[in-house]
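Hi,

Here is the structure I promised to send over.

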Amino acid sequence: MTNGWIDIKNTDMMLIMGGNPAENHPCGFKWAIEAKIQRNAKTIVVDPRLTRTAATADLYLQIRAGADIAFLGGVINYALDNNRIARDYLVNYTNAGFIIKEGFKLPDDGLYSGFDPETKMYDKSSWNYEEGGDLSGKAVLPTPSGQNARATHVQGSDTGQGHQGASPAGAKAGASPVPLLPSKVAFDLSLQHPRCVFQLLKKQYERYTPEMVERITGIPQDQFLKAADLYTSIRKDGDMKKVSTIIYAVGWTQHSFGTQIIRTAAMLQMLMGNVGRAGGGVNALRGHSNIQGATDMAGVFDTLPGYLKMPNPNDVDLATYLKRITPISSKPDPWNSFNYWSNTPKFTVSLLKALYGPAATKDNDWAFHYLPKIDRNYSWVNIWNDMYEGKIKGLFAFGMNGVMIGPDSTKNIEALKKADWLVVCEIYPDETSEFWRAPGISADDQKKINTTVYRLPGAGFAEKDGSFTNSARWLQWKQIALPPPGEARLDQDILAMIYLKVRELYQKEGGKFADPVLNATFAYTNPYAPSLAEVAKEVSGKALADITDPKTNQTIKSGQQVPGFAWLKDDGTTACGNWIYSGSWTEAGAMIQRRGTEDPSGLGIYPNWAWSWPANRRVLYNRASCDLNGKPWDSSRRQVWWDEGKQLWVGNDIPDFKPDSAPKDHMGPFIMNPEGIGRLFVPLGGMADGPFPEHYEPIESPIANPLHPNQSNNPVVKKYKTEFDKYGTADQGFNVICTTYRLTEHYHYWTKNNPMNVQLVPEPFVEVPAELADRMGVHGGERVKVTSARSHYIAKAMVTRRIRPMKIDGKEMFQIGLPIHWGFRGIAEDEGKTAKTLANQLTPTVIDPNAFTPEFKGFLVKIEKA
Amino acid sequence: MSDRKTLQIQRMSAHPGPIPGTGVQRDVQVCKLVDTTTCIGCKACEVACVEWNDMPFGATTFDNTYQTMPETRWNFWNLIKFNEHPREDGTVQWLMRKDQCMHCADPGCLAACPADGAIVQYTNGIVDFNQENCIGCEYCVSGCPFNIPKLNPGTKKVYKCTLCSDRVGEGLEPACIKACPTGCLKFGTKDDMKFIAEERAKQLRDNFGMEKAGVYDPESIGGTHVIYVLHDATDPERYGGLPKNPTIPWSYTVWKWLFKPVLGAFALFGGLGVLLHYVTVGPRRPQPEPPNKEGTNGNGD
């Protein structure tokens, strides 16, 4: 979340889409209710189903799963047409006025400039700013030569694009020259230049007319216009007082264009001046208590802790790596850019010191060569694909049920059959550790499976201490409620035992590359049971020598915790396990254990409750909550402001800004971008599939894309090639749109083991529109069989009027939905009461090209009586 | 606990003579407010109720609805009723209403109960069952206009929501209130809850286009100690059988109406009251269908 849970109470308008917070985040949803009651805030819910969130909405629209960009693009078009935009914000805080190079082409035919149909990748060199100066008011210009841009070509992949550089999948292209952003960007603050971002944006989305929105989304024009009018009404005539928020979850990420849906939302929020403001922002609701923490701590393959990029094989030394990942500022000459990622070397060296301690020295490049270099895409789906293809021989599965998660669970089960070994650490016997018992595997077949399965009894959440990082980026410490039962052990103890044993084996027997294992720091008081408090302190960081701030003369003694990431150094005198968590555990104590309930501003900031990254800041980009002169847009919601007397940014929240940069210096509020501004247009390698979002159809879609039928899908998305990777079409009879989701009553695949949850919702079901059920002759409670190109799913029908027939591109169509919770282990399953099919046996193996999330939403099925 | 209070009985089923302790103290009237417009049907209240009251889990079966079971059970006192209400424009309104004992000011169960002290009404408004005095006749079941009390066939005792009288007596809020994540459940004095409910209904009418929003606190039974804010107070039936004008069956009210006022004065003739009850009510027999009997409409759609 750019903002936070409690901050939702400050909003005037909510667009909830791609998420179902009332059902999946019921405790957080109280703040949406609070906004309704305290501020008369309105709610618009756009979802394929009338959910429990939609039941509380002022306006609910039923959308076809996978049509979100068309809807949001239509709202952008509406906002532009009706002047419901934040002009000053747009001109000064976004790249609306930046000029784009000649040669850039919008995707009228479905393709941006630079597409290579052979590799299915883009040459993004035309997705760049033009170098130059102030072109304001100088409408159409002679074509610039472009030689400056060419002159900035350098060796090495993604150089200078910052941490958002292209995925490691593109690492092979690293040998060819990749362009840089120009240091001085040509700009037109009148927003009239035909190649300025604003004009290109207008051109891009003027195609998203209400008629087009209706054809793609299935939302009738009058309803769409009602929603667009209501959502943008807070910016009527450009008045800046009110704020609206966008709330989403995995209903947006789980598409083959998921990242671009979120981009569209971010663009709409920037157009309307809603980012950085209390009650505004773009707010991702994380689906687990600590998913944010897992992501922050590099629980994904292509990052190191704190979103530092993972090195790839082209990074032959630390200097090469740092040059690639450290951005250089790129902005209109008269403006300023903080470009905070320019501190990347400090964060990186401090991380290496935390990881390898004394073994990381200046002479050995701070042990940079110890870090693994990723040679290909190791995202979730690829791990399973690689295992299926025999490239991965074993798997540690901690805290996740890979068979159930899918996509295409059948393929995942086949992959596990081919593995040599599998280690599962869980609190219940789950489908992954018992994959060999999956329905359809006979006793004879079981004998042919040679995978050795080790099952380790882990500890549940209430049996561990440590911190959770919530969606609002708050690190909150929890205590142990009760010890793990029986032989169950804490996860950190299990991991430590494995590590120490592996280290012992390397010590005794040596090995191919023993140094990283032998030299990793592991200085816990009890190495066999590391205290999570000690780990948390290590993550927050400490000084390894006396360090002094020349400005204040404050000194941190060697061995003391650092107060925050501003103290981190690239000379080996600091160690920090994750720079964005730096300051979470200081000499003053564990900030993450604080329980102060004071909220002096009344904005729900609670500065002394726990600790939020970065630097205990509650709303990101909060400089943008003020006008150009540093005065809050809304005097009743004062977050930060410029204090002329002190010549400092001060406020109720921690300013997300260079504290002494006066408004007249015109430093951009989006300090993590090298431009200092918010990106309506994402230049160069930021996105794999286009600098603006474009609507593409899901990989399995019932229609050809009405915008460009010849380029229906996302052009850079690749299909997988094993015999399990089948993709269905409407012609083959797969003409019902299907989506998957969770229920309030269950938590993923655990609670089917808990009698209370089972009592609330005892068995799986398929939500079927009443009109479709009538046609099928199916009554509620009768069993239906849902079949995709991959497998089938059997459950009882829940016949409902909450999902209605839709007209998609003029054709009548139906959507159905199924919850994901049930498998072949659990109370009802063990009693033989359910069909034991898995929802994710239906879903296709296809991933978003930016975040690599599978397309669990909006695939095609057929449905019949079982 | 500093604010510990003893629950004071106001009325008692089939009790001859004065209520023990009468006049010792007066409690405030308590009330639970359920705002159906902010209820998200999460069922946290269902779970909290089962857990606080330590009730055994029962089996449920899929019944074409999100609703946990068709109606409350002897071991499941708090049930969210899910109803799909078709609007004129073809869209659907999905309604969720927390169903439980309404703790009527004029409780039909108490009026109907022939067992001395099996049902009591405290001065704070809570209507509570004392199972040790219950004879399992189920008159309370047919006396209730909301279909709430349920017989445990194993013990032959009848159970229902106690409004957590054990918690309230200790100065705590009922378990369902504590568990509610959205704040759609509130607990306090009847006056305060009524005020908050009316304010909320006005807000819904003035700012959210719900012209018929209002408060459910039916006068026909003297009001209730559980009140609802409804999107459309003119049609409570759509919320899964919430009767517009709940009434206690005539046969139960008449003896009370005739004799109750004099019972206190004629304590010596208490035995006669019991006798009269049997004469007027007689052995249990099927009652005429109450106007809005629910229990058949529990399937959500």
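This is a predicted model: local features need pLDDT of at least 70, side-chain atom pairs count only at pLDDT 80 or more; totals for chains, interfaces and linings use all residues.

Residues are numbered from 1 along each chain as its sequence is written, while chains are lettered from A and ligands numbered from 1 in the order in which they are written.

Across the boundary, 22 residues of domain 1 of chain A are in contact with 27 residues of domain 2 of chain A, where contact means that the C-beta atoms, placed from the backbone, lie within 7 Å. On the domain 1 side, helix 1 (21-24), helix 9 (250-253) and helix 10 (258-271) of chain A each give two or more residues. Helices here are DSSP runs of H or I with at least four residues, strands are runs of E with at least two, and both are numbered from the N terminus.

Helix 7 (residues 210-217) of chain A has 6 of its 8 residues buried, so it is largely enclosed by the rest of the structure. A residue is called buried if 20 or more other C-beta atoms, placed from the backbone, lie within 10 Å of its own, exposed if 12 or fewer, and partly exposed in between. The buried ones in helix 7 of chain A are A:Met212, A:Val213, A:Glu214, A:Arg215, A:Ile216 and A:Thr217, and their cover includes helix 3 (68-81) and helix 8 (221-232) of chain A. After helix 7 of chain A comes A:Gly218, with a positive phi near 85°.

Next, the core. The largest nonpolar core holds 295 residues, and A:Val197, A:Val766 and A:Val768 touch the most other members. A nonpolar core is a set of buried Ala, Val, Leu, Ile, Met, Phe, Trp, Tyr and Cys residues joined through C-beta atoms within 7 Å. Domain 1 (6-92 + 208-289) and domain 2 (730-865) of chain A each contribute at least three residues to this core. Leaving out residues up to four places away in sequence, A:Val197 touches A:Asn95, A:Ala96, A:Phe98, A:Ile100, A:Leu680 and A:Phe681.

Two sheets of chain A are worth a look. In one, 3 strands form an open sheet with parallel pairing, in the order 10-11-12; strands pair if DSSP finds at least two bridges between them. Strand 10 (394-398) and strand 12 (452-457) of chain A are its edge strands, each pairing on one side only. Strand 11 (residues 421-426) and strand 12 of chain A share 6 bridges, and A:Trp421 sits opposite A:Thr452. The other open sheet, also of 3 strands, has the order 13-14-21 and antiparallel pairing. Strand 13 (466-469) and strand 21 (611-612) of chain A each have a single partner strand, so one side of each is left without a neighbour in the sheet. Strand 13 is joined to strand 14 (residues 474-478) of chain A by 4 bridges, with A:Phe468 opposite A:Gln476.

Finally, chain B. The contact between the chains takes 27 residues from chain B and 29 residues from chain A. Helix 1 (44-52), strand 3 (79-86) and strand 4 (92-99) of chain B each supply at least two residues of the chain B side, which divides into 12 nonpolar, 10 polar and 5 charged residues. In helix 1 of chain B, B:Ala44, B:Cys45, B:Glu46, B:Val47, B:Cys49 and B:Val50 are buried, and what covers them includes helix 21 (755-760) of chain A. Strand 3 and strand 4 of chain B pair in the antiparallel sense over 8 bridges, with B:His85 and B:Gln93 as bridge partners. These two strands of chain B form a hairpin with 5 residues between them, and B:Gly90 in the turn has a positive phi of about 90°.

Best wishes

How values were computed:
Two residues are in contact if their C-beta atoms, placed from the backbone, lie within 7 Å. Ala, Val, Leu, Ile, Met, Phe, Trp, Tyr, Cys and Pro count as nonpolar, Asp, Glu, Lys and Arg as charged, and the others, Gly among them, as polar. Domain bounds come from an automatic or database domain assignment.
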